[in-house]
Amino acid sequence: MIFDRRHIISTRDFSREEIDHVLDVAAKLEPLARKGRSGLLKDLIVATLFYEPSTRTRLSFEAAVKRLGGTTIGFDTATASSVAKGESLADTVRIIESYADAIVLRHPREGAARMASEIARVPVVNAGDGAGHHPTQTLLDLYTMRKECHKPIGDLNVAIVGDLRYGRTVHSLSYALSLYGARLTFVAPEPLKMPPSIINYLRRRGIQLTETPDLGRVLEDADVLYMTRIQKERFPDPAEYLKVAGSYRLTPEALQGVRDDLIVMHPLPRVDEIDPAVDASPHARYFQQSFYGVPVRMAVLCLVLGIKV
Ligand code: NCD
């Protein structure tokens, strides 16, 4: 299994064994993610280039680097960098690769991270490329399922709800879950259904797959309820957003009658798709899930930088 110097662009680039290996390394690092600081990334610099808003992804990457004793450089709003003067992404990458040992990139354009990886001589980690992929989110989602569910991932029925068209987290997650053979239930209004290319890929792999707009019908049979935000910023037409805004809202009442061990996940941020009253429910795992971003990103960085844990 070779991770050293490898780019992390899409979950499609990884085997199940490779993903399991990242999760095993994350498990080893979890105590350190909660407390303390090691010297594993001592003398190493990680650049975080965020051309799109982010709270969890950027800060959990930064926390990961700091817990590992490394240093971060970068920007969190492209307007504060030379991008505002018209610098291309390719030029920015060419410069930053000479300043840092790895680059974490979030960009509004699908394919941006792949392009950066073709230029950079240091590992590039995709922290979200438009409506494309978000592989480290998927790794932490799988880590959450591994830790918080009472069954192996392959035995789970995972209901994925909301904006399946523009949501990059659910694209990456569906590819990865197909490696485990999990059952997938996609819940979306007609305009926000999972793209046909992904559906066809999953069907070719023989995945058990159901598509429905009706959340109520899937609740009683799900092991994981993965809620997502409608991706307002990706709609070409604001009127189209208004037609689907508020399509789903999970309330404590809706959770009556679900399996005792069902867990509710969300990559966050939430808008109105999970009532805050659900936070106190024994099913809620989304805040726990966002913490798992730290050990998982620590593992990703150690692996691509060739650091033995
Ligand atoms: C997600 C993203 O940026 O794709 N957020 C995250 O990284 N936790 C989900 C979203 O923005 O809805």
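**Exercise 1. Describe the surface and the overall dimensions of the protein chain.**

The accessible surface of the protein chain comes to about 13200 Å², and 50% of that area belongs to carbon and sulfur atoms; such areas come from the Shrake-Rupley method with a 1.4 Å probe, and for residues only the protein chains shown count as cover. This is a predicted model, in which local features need pLDDT of at least 70 and side-chain atom pairs count only at pLDDT 80 or more, while totals for chains, interfaces and linings use all residues. Residues are numbered from 1 along each chain as its sequence is written, and side-chain values use heavy atoms, with hydrogens and water left out.

Next, take the dimensions: along the principal axes, the C-alpha atoms fill a box of roughly 55 × 45 × 40 Å. The radius of gyration, taken over C-alpha atoms, is compared with a globule rule of 2.2 Å times the number of residues to the power 0.38; for 309 residues a compact globule would have a value near 19 Å, and the protein chain, with 19 Å, agrees.

Finally, consider burial: 58% of the 309 residues count as buried, where buried means under 20% relative accessible area, exposed over 50%, and partly exposed in between (1.4 Å probe, protein chains only).

**Exercise 2. Locate the partners of the salt bridge between R146 and D24, and state how accessible they are.**

A salt bridge is a side-chain nitrogen of Lys or Arg within 4 Å of a carboxyl oxygen of Asp or Glu, and by this rule the count comes to 25. In the pair of R146 and D24, the closest N and O atoms are 2.9 Å apart. R146 belongs to helix α5 (residues 135-148) and D24 to helix α1 (residues 16-34), so that the pair links distant parts of the chain, 122 residues apart; helices are DSSP runs of H or I with at least four residues, and strands are runs of E with at least two, numbered from the N terminus. R146 is partly exposed at 33% relative accessible area, and D24 is likewise partly exposed at 41%.

**Exercise 3. Trace the network that contains R259 and D223.**

Begin with the salt bridge of R259 and D223, whose closest N and O atoms are 2.6 Å apart. Because R259 lies in the loop between α9 (238-244) and β9 (263-265), and D223 in the loop between α8 (215-219) and β8 (224-227), the pair ties together parts that are 36 residues apart in sequence. R259 is partly exposed, at 26% relative accessible area, whereas D223 counts as buried at 4%. Salt bridges that share partners then join K151, R183, D221, D223 and R259 into one network.
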